[in-house]
Amino acid sequence: MENLENLHNKKQDIHHSTFLEFKVILKKEDNAEKIFEEILKHKKFEYKLSNISTNGKYQSFLLRVIVEDQEEPRKIFDALRKKSQFVL
């Protein structure tokens with residue numbers, strides 16, 4: 001049995017995945033699936049159309065992505081921001 005000092009000095013390797021949701025607004029002519037696949041590559045994700053603007057110029061999507069660590073959400077957000085009109 002290890003003592004508390006040894007346990008404290010060990011680097012803990014915590015792995016857990018969780019879904020993170022983004023609201024992504026794209027122009028009507030943008031291909032959401034292509035954009036999401038390009039950004040997320042081999043990550044598991046799902047998305048659905050959530051709204052279309054009254055003038056039909058924009059469409060919003062709810063995007064759910066599995067993230068593995070604390071850095072991924074910021075990386076995904078930044079990549080989405082470059083390809084979309086707005087991200088929440």
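1. E72 is part of helix α3, which covers residues 72–83. The model is a predicted one, in which local features need pLDDT of at least 70 and side-chain atom pairs count only at pLDDT 80 or more, while totals for chains, interfaces and linings use all residues. Residues are numbered from 1 along each chain as its sequence is written, and side-chain values use heavy atoms, with hydrogens and water left out. Helices (H or I, at least four residues) and strands (E, at least two) are DSSP runs, numbered from the N terminus.

2. Is E72 buried or exposed? E72 has a relative accessible area of 15% and is therefore buried. Here buried means under 20% relative accessible area, exposed means over 50%, and partly exposed is in between, with a 1.4 Å probe and protein chains only.

3. Not counting residues up to four places away in sequence, E72 touches K43, I66 and V67. Contact means heavy atoms within 4.5 Å.

4. The protein as a whole has 3 helices and 4 strands. Along the sequence they follow the pattern α-β-α-β-β-α-β. There are 88 residues, of which 24% count as buried. Among contacts in the protein with a separation of 6 or more, 64% are between residues 24 or more positions apart. The accessible surface comes to about 7,100 Å², and carbon and sulfur atoms hold 50% of that. These areas come from the Shrake-Rupley method with a 1.4 Å probe; for residues, only the protein chains shown count as cover.

5. How do the helices α2 and α3 pack, and at what angle? Helix α2 (residues 32–40) and α3 pack at about 145°, and their axes are 10 Å apart. Axes are lines fitted to C-alpha atoms, for helices over the stretch in contact, and angles run from 0 to 180 degrees between N-to-C directions. The crossing is right-handed. A crossing is left-handed if the near helix is turned anticlockwise from the far one by less than a right angle, and right-handed if clockwise.

6. On the α2 side, the contact is made by I35, F36, E38, I39 and L40, and on the α3 side by I76, A79, L80 and K83. These residues divide into 7 nonpolar, no polar and 2 charged. Ala, Val, Leu, Ile, Met, Phe, Trp, Tyr, Cys and Pro count as nonpolar, Asp, Glu, Lys and Arg as charged, and the others, Gly among them, as polar.

7. D78 also lies in helix α3. Its relative accessibility is 26%, so D78 counts as partly exposed. D78 and I39 are 39 residues apart in sequence, and their C-alpha atoms are 10.0 Å apart in space.

8. K41 sits in the loop between α2 and β2 (45–52). K41 is not a glycine, yet it has a positive phi of about 45°. With a relative accessible area of 58%, K41 is exposed.

9. Strand β3 (residues 58–67) holds R64. R64 counts as partly exposed because its relative accessibility is 25%. Beyond four places in sequence, R64 touches F19, L20, E21, K44, F45 and E46. With E21, the side chain of R64 forms a polar contact of 3.2 Å. R64 and F45 are 19 residues apart along the chain, with 5.5 Å between their C-alpha atoms.

10. S60 lies in strand β3 as well. Its relative accessibility is 8%, so S60 counts as buried. Apart from neighbours within four places in sequence, S60 is in contact with K23, V24, I25, K48, L49, S50 and N51.

11. N31 is in the loop between β1 (18–27) and α2. N31 counts as partly exposed, at 45% relative accessibility. Which backbone nitrogen does the side chain of N31 reach at 3.2 Å? That of E33. A polar atom of the N31 side chain also lies 3.1 Å from the backbone nitrogen of K34.

Methods. A polar contact is a pair of N or O atoms within 3.5 Å; within protein, one must be able to donate a hydrogen and the other to accept it, and residues adjacent in sequence count only if both atoms are side-chain atoms.
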